[in-house]
Amino acid sequence: MQERMAVVMELIDVKDYVQKTAEIIGSVVELEALICDREYRILGDSKQRSHEPVRKIGDHSVLTAAIARQQVIIMEDTKRDSEGCRFCPERAECDINAMVAIPISRGIHVYGGIGIYAHKKESVRRLIGKNKTFIEFIGRMSELLIAKLDEEQEKASLRERVRSLSNHATSVSFDEIVGSSRGICLAKEEAESIASSSSTVLIQGESGTGKEIFARAIHSSSQRFDGPFVAVNCAAIPDNLLESELFGYEEGAFTGAIKGGRIGKFELANNGTLFLDEVGEIPIHLQPKLLRVLQERRIQKLGSSQDVPVDIRILAATNRDLEEMMKTGAFREDLYYRLNVIPLAIPPLRERRQDIMELCRFFLERYNRSLGKDLKGFEPEAEKVLTEYDWPGNVRELQNGVEYAVNMARGRLIGTDSLPRRLFCAAGEPALTLKPMRQVEEDYIREALRVFGSDAEGKEKAAGVLGLSRATMYRRLKEMEENGAGGAEAPDGGRTFET
């Protein structure tokens with residue numbers, strides 16, 4: 001694969017920022033300010049705020065000389081001291097009498113220059129009398145321009161890397177989604193038909209059904225296939241970090257913010273696809289910001305009041321009942337309808353049993369290669385166990401089961417003795433009943449509160465033992481109360497906690 005050329009940012013790439021800088025300089029020093037790049041193109045003019053075609057400064061101007069020599073030039077009488085002015089064809093009409101020209105450079109690299117111009121006698125005296133102060137100020141503004149270029153350079157590099165991964169290492173086609181059952185074929189047909197659209201898709205299905213695989217296949221078959229695919233697991237990021245992770249932040253936005261700020265996932269996904277996995281876990285206070293992005297395709301970084309446009313397609317996924325969450329107030333109704341523009345349901349494995357052995361053989365080939373094995377298949381008794389098991393963890397559980405069996409197998413075929421024990425039920429014994437993960441978590445929370453107490457200190461200790469943040473603990477308690485799950489029972493039958 002041919003490597004892409006590294007992106008090198010120049011002032012022309014941040015022209016709007018350069019224009020704003022020129023306006024700031026002109027306002028502070030109360031003189032005319034021009035900023036041009038090393039091609040002598042004027043990108044910022046304090047007196048011109050409308051968008052006009054880019055023009056160039058003269059080859060013999062003072063600013064041109066400052067850029068070429070990489071040194072500060074002070075002209076107290078331009079018409080007398082400047083060679084460029086003496087031979088300029090517009091000399092008679094020009095009313096510039098003095099100027100300070102400063103190059104924008106770092107090391108040996110020159111980006112352009114900044115010029116301050118004085119016209120009237122009073123302005124000339126002020127410019128010359130305060131040229132040292134002006135030079136120091138312009139130097140700081142020059143550093144800000146270079147810092148902006150560094151920021152854009154980092155963004156470009158990040159986008160070039162999250163794109164490299166998307167286009168090569170993690171791209172997926174619909175043909176690679178294993179299964180020939182009617183349910184999975186219908187899901188693939190629906191996903192393929194909406195791939196070329198720009199509309200938001202909500203992929204619904206139980207944990208482990210392959211929602212992210214479908215999202216990647218939709219992206220790979222879309223017109224954005226050459227752009228980045230950025231996946232975010234909303235359940236895996238602590239509540240207090242999720243906002244900065246999604247939207248990014250400016251330098252100094254909060255204690256611990258890194259120098260120069262940080263780009264968020266929305267910006268990383270620009271011109272591509274953002275996949276929000278476990279979208280039902282986004283806390284209620286962040287849901288309005290996500291709604292705004294869906295409606296306006298604009299974001300605001302933490303610590304900034306400036307809107308940043310983003311050109312992205314959003315794919316979301318959840319294994320939770322968002323309609324039920326709307327009823328309890330845990331999920332915004334308007335956000336749900338903006339996400340659920342195109343619903344896509346992925347059936348669980350127990351509803352497409354004819355795919356089980358096809359998946360087993362697919363994973364057998366994979367683990368034969370990665371583990372250095374040469375197993376030929378499955379014994380009939382093992383196939384019977386595999387196809388009769390309900391697979392509550394769906395394809396993810398099946399994949400883990402096959403990996404275990406390949407490690408345990410000693411013969412040429414995988415037999416029942418190599419399968420995980422959980423796949424078997426003793427004769428006459430009822431099938432294993434598994435609780436939903438949410439209910440298991442609630443059981444642990446109730447037990448922890450029973451042990452540590454239901455006061456504030458007890459809740460803090462319980463959260464620490466369970467590995468939950470304080471905010472997540474209180475959110476879970478509130479959801480349990482709203483859903484009627486209740487808390488641990490006190491000896492008198494009352495609740496042991498309040499939220």
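This is a predicted model: local features need pLDDT of at least 70, side-chain atom pairs count only at pLDDT 80 or more; totals for chains, interfaces and linings use all residues.
Two strands count as paired if DSSP finds at least two bridges between them.

Zooming out, β6 and β12 belong to an open sheet of five strands. Reading across, the order is β7-β8-β11-β6-β12, and the pairing is parallel. At the edges sit β7 (229–233) and β12 (342–345), each of which pairs on one side only. From one strand to the next, the twist averages 20°.

Now for the nonpolar residues. In soluble globular proteins, nonpolar side chains tend to be buried together. The largest nonpolar core here has 36 residues, and the members that touch the most others are Phe266, Leu276, Val279 and Leu290. Strands β7, β8 (272–277) and β11 (312–318) each put in at least two residues, and so do the helices α10 (239–247), α11 (265–268), α12 (287–296), α13 (322–328) and α14 (333–339). Of these, α12 gives the largest share, four residues.

Setting aside neighbours within four places in sequence, Leu290 is in contact with Phe247, Phe266, Leu276, Val279, Ile282 and Leu335. Elsewhere there is a second, separate core, this one of 29 residues, with Ala98, Ile102, Phe137 and Ile138 among them.

Definitions and conventions. Residues are numbered from 1 along each chain as its sequence is written. Side-chain values use heavy atoms; hydrogens and water are left out. Axes are lines fitted to C-alpha atoms, for helices over the stretch in contact, and angles run from 0 to 180 degrees between N-to-C directions. A nonpolar core is a set of buried Ala, Val, Leu, Ile, Met, Phe, Trp, Tyr and Cys residues joined through side-chain atoms within 4.5 Å. Buried means under 20% relative accessible area, exposed over 50%, partly exposed in between (1.4 Å probe, protein chains only). Contact means heavy atoms within 4.5 Å.
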